Amino acid sequence: MSDSRPSAADEPINTSQNPGTATPVANVDEEVGRLTRRSLFTGGIAAGFGVAAYAWLQWFGIDKRVDSRLGWPLRRMLEFNAAVSEKLFGIQHLAPEFPREQAQEPRENGHVGLVGQVQIDAWRLRVTSGDAQRSFTLEQIRQLPKIEMVTELKCVEGWSQIVHWGGARLVDFLREYDLGLRDGSHWMETTVAQDLWPYLQLITPDDDYYVGFDMASAIHPQTLLCYEMNGQPLTQEHGAPLRLVTTVKYGIKSIKRIGQLKFFPDRPPDYWAQRGYDWFAGL
Ligand SMILES: Nc1nc2c(c(=O)[nH]1)N[C@H]1C(S)=C(S)[C@@H](COP(=O)(O)O)O[C@H]1N2
Ligand SMILES: [Mo]
């Protein structure tokens, strides 16, 4: 199994179920160079402020009162989280964010796995890791730090829309509940990507739509488990109660109405990859 993207020529296109042709991707080298220089600079400043702020909070003893919904150990872990995907997988490209005024109501696109209505109260996110099964309520996901981002959702059909999303980082969910580790170790002790399952799959409750992810993309800081869209709870058509949104892949991977998450040793089956699209579908 390799992560290298097959060339466009290798990709059979099934026109009967065609979500469209790919849009051209911006000049990535230039972008990465710019981001790297900028993040080195801002990273240095942020580190300085971080140390100062931490010392200040310790001195005044008010650190434990910030964000009272979360316990102290959890918050400490999450501070450490910001750099985790970079630490484990190297520098990862960040997609641009936009002013909130530019956010639009996205069209409803793709209804596979969305038949009927979800009973939000009865909904659970079921997680399978090896033999272990756990399930989580929406409230457990809402308790994680809320991230808002105004980013572009890009469909392989060639359109894109700027949307204001609200939810939790997938990496925060995995780290808070020690999910995705191959040997039952803890995220706090994890320093190498090899400790993690290399792939995961997200599936609708009826098993009809499913997307495969490599772990590096899953723990990217702009990969969110979203429960809000443009400041409102997600509607059923846009994936209530919980959908994925990621800036590192085309819209086909931003699965609506997640019911299950499973970890895999190899690339898991993916709905659109089985219909001729690139499995990775990276941007
Ligand atoms: N369950 C489910 N999720 C899905 C799809 C789908 O058919 N079923 N389509 C995908 C595609 S192709 C796109 S572009 C986005 C669109 O999200 P939106 O309907 O919120 O605009 O959802 C993605 N997630
Ligand atoms: Mo799409």
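A polar contact is a pair of N or O atoms within 3.5 Å. With that cut-off in hand, welcome to a tour of this predicted model.

**View 1. Ligand 1 and its polar contacts with the protein.** A polar side-chain atom of Lys-256 sits 2.6 Å from an oxygen atom of ligand 1. The protein buries 98% of the 530 Å² that ligand 1 exposes when taken alone. Backbone atoms take part as well: a nitrogen atom of ligand 1 has a backbone N or O atom of Ser-254 at 2.9 Å, and one of the ligand's oxygen atoms is 3.3 Å from a polar backbone atom of His-111. There are 19 residues around ligand 1, and those that come nearest are Arg-107, Val-112, His-238, Arg-243 and Lys-256.

View 2. Arg-243 belongs to strand E9, which covers residues 243–246. Leaving aside neighbours within four places in sequence, the contacts of Arg-243 include Trp-165, Leu-224, His-238, Lys-256 and Ile-258.

**View 3. A cis peptide bond between Ala-240 and Pro-241.** The bond joining these two residues is cis, with omega about 0 degrees. Pro-241 is found in the loop between strand E8 (232–233) and E9.

View 4. Neither residue is a glycine, yet phi is about 70 degrees at Asp-207 and about 50 degrees at Asn-230. Asp-207 is in the loop between strand E5 (199–203) and strand E6 (210–214), while Asn-230 is in the loop between strand E7 (223–229) and E8. Are they buried, partly exposed or exposed? Asp-207 is partly exposed, at 44% relative accessible area, and Asn-230 also counts as partly exposed, at 22%.

**View 5. The salt bridge between Arg-100 and Glu-148.** The side chains of Arg-100 and Glu-148 meet with N and O 3.3 Å apart. Arg-100 lies in the loop between helix H3 (84–89) and strand E1 (125–129) and Glu-148 in strand E3 (residues 147–154), so this pair ties together parts that are 48 residues apart in sequence. Glu-148 is partly exposed, with 37% relative accessibility.

View 6. Lys-249 pairs with Asp-214, N to O at 3.1 Å. This pair links distant parts of the chain, 35 residues apart: Asp-214 is in strand E6 and Lys-249 in the loop between E9 and strand E10 (260–264). Both Asp-214 and Lys-249 are buried. Lys-253 pairs with Asp-270, their closest N and O atoms being 2.8 Å apart. Lys-253 lies in the loop between E9 and E10 and Asp-270 in the segment after E10, so the pair joins parts that are 17 residues apart in sequence. Lys-253 is buried at 1% relative accessible area, and Asp-270 is buried at 3%.

**View 7. Stepping back to the protein chain.** The chain has six helices and 10 strands. Of its 283 residues, 45% are buried. The accessible surface comes to about 14,500 Å², with 54% belonging to carbon and sulfur atoms.

Key. Residues numbered from 1 in each chain as written. Chains lettered and ligands numbered in written order. Predicted model: local features only at pLDDT ≥ 70, side-chain atom pairs only at ≥ 80, totals over all residues. Heavy atoms only, no water. Helix = DSSP H or I, 4+ residues; strand = E, 2+ residues; numbered from the N terminus. Contact = heavy atoms within 4.5 Å. Near = heavy atom within 4 Å. Polar contact = N/O pair within 3.5 Å; in protein donor to acceptor, adjacent residues only side chain to side chain. Areas by Shrake-Rupley, 256 points an atom, 1.4 Å probe, with all protein chains shown as cover. Buried < 20%, exposed > 50% of the residue type's maximum accessible area, 1.4 Å probe, protein only. Salt bridge = Lys/Arg side-chain N within 4 Å of Asp/Glu carboxyl O.
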